[in-house]
Amino acid sequence: VPEVRRVGDDFNRSPGHGLSPCEVRSGSWEIAFSLDPNRIPDQYSLIGRAGATGQTAVAVLQGSPWSGVRVSFSFQPLEPCEAGIVEQWSGADARASGLVFCVDSNAAVLQADGRRAVEMRLNQWHRVVVERWGWVLRVSVDDTPVLTRLDLAPGAGVPAFCVQRGRAAFDDVLVEEIPWQADDGRAVTMPWVVSPRARWFR
């Protein structure tokens, strides 16, 4: 049985120890300490801030691409912001996997395949889970499903946190591989073993 790949980070370290396994591609990212009593003993988190000129802040998970992945993380909008996770897939539907939460003072929406209302508040931690494998994309917030798509193109990619506007915190990140196989007779195939003298046709 192949070993399932897993990567986790709770950012519980001083800023001088770096952000690995995350790699900053743009914007401002830092490990910040919080005195919020609700965070004890998990008082550290990764803070992303969009650039003053509108530049999106992006922090990418290092390593080889994932063909199937489950990403779970804690997310806190620290001010009105547009932030979330971008699955940087190699397939044609790469942009469809961008999951950005637009959080203002009185409402929040998920910008993916339209604008879907979600229960999310400023200065409140929320648990987000994203599954992406094969043709499937599923998203839940605080154990509530908010998006399911079954029509995306299979591909491989790397998860990346992003902040397009404002400032947001990320913490308790867990990335797990989702092994899968499928055969559609076109782009996706499985390694079938044919018995001697057998004849199979598509």
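Which residue forms a salt bridge with Arg70, and how far apart are the closest N and O atoms? Arg70 pairs with Glu176, and the closest N and O atoms are 3.5 Å apart. A salt bridge here is a side-chain nitrogen of Lys or Arg within 4 Å of a carboxyl oxygen of Asp or Glu.

Before I go on, the ground rules. This is a predicted model, where local features need pLDDT of at least 70, side-chain atom pairs count only at pLDDT 80 or more, and totals for chains, interfaces and linings use all residues. Residues are numbered from 1 along each chain as its sequence is written, and side-chain values use heavy atoms, with hydrogens and water left out.

Helices and strands are DSSP runs numbered from the N terminus, helices being H or I with at least four residues and strands E with at least two. Arg70 is partly exposed at 28% relative accessibility, whereas Glu176 is buried at 18%. Buried means under 20% relative accessible area, exposed means over 50%, and partly exposed is in between, with a 1.4 Å probe and protein chains only.

The structure holds nine salt bridges. Arg70 and Glu176 also belong to a network of salt bridges, together with Arg6, Glu131 and Arg138. Another bridge joins Arg165 and Glu82, at 3.4 Å from N to O. Arg165 is in strand β14 (residues 157-165) and Glu82 in strand β7 (residues 81-89), so that pair ties together parts 83 residues apart in sequence. Arg165 is partly exposed at 30% relative accessibility, and Glu82 is buried at 17%. Arg149 and Asp151 meet at 3.0 Å, N to O, and Arg149 is buried at 15%.

Now the aromatics. Rings of Phe, Tyr and Trp (its six-membered ring) pair if their centres lie within 6.5 Å; planes under 30 degrees apart count as stacked, over 60 as edge-to-face, and the rest as tilted. That rule gives eight aromatic pairs. In one of them, the ring centres of Phe75 and Phe101 are 5.8 Å apart and the planes are at 35 degrees, so the pair is tilted. Phe75 sits in strand β6 (residues 68-77) and Phe101 in strand β8 (residues 98-103), 26 residues apart. Both Phe75 and Phe101 are buried.

Phe75 also pairs with Phe170: the centres are 5.5 Å apart and the planes at 50 degrees, so this pair is tilted. Phe170 is in strand β15 (residues 167-177) and Phe75 in strand β6, so the pair ties together parts 95 residues apart in sequence. Phe170 is buried, as is Phe75. Ring pairs link Trp29, Phe73, Phe75, Phe101, Phe161 and Phe170 into a cluster.

In soluble globular proteins, nonpolar side chains tend to be buried together. A nonpolar core is a set of buried Ala, Val, Leu, Ile, Met, Phe, Trp, Tyr and Cys residues joined through side-chain atoms within 4.5 Å. The largest one has 46 residues, and those with the most contacts inside it are Trp29, Phe73, Phe75, Leu99, Phe101, Leu110 and Phe170. Leaving out residues up to four places away in sequence, Leu99 touches several residues, among them Ile85, Leu110, Val130 and Leu147. Contact means heavy atoms within 4.5 Å.
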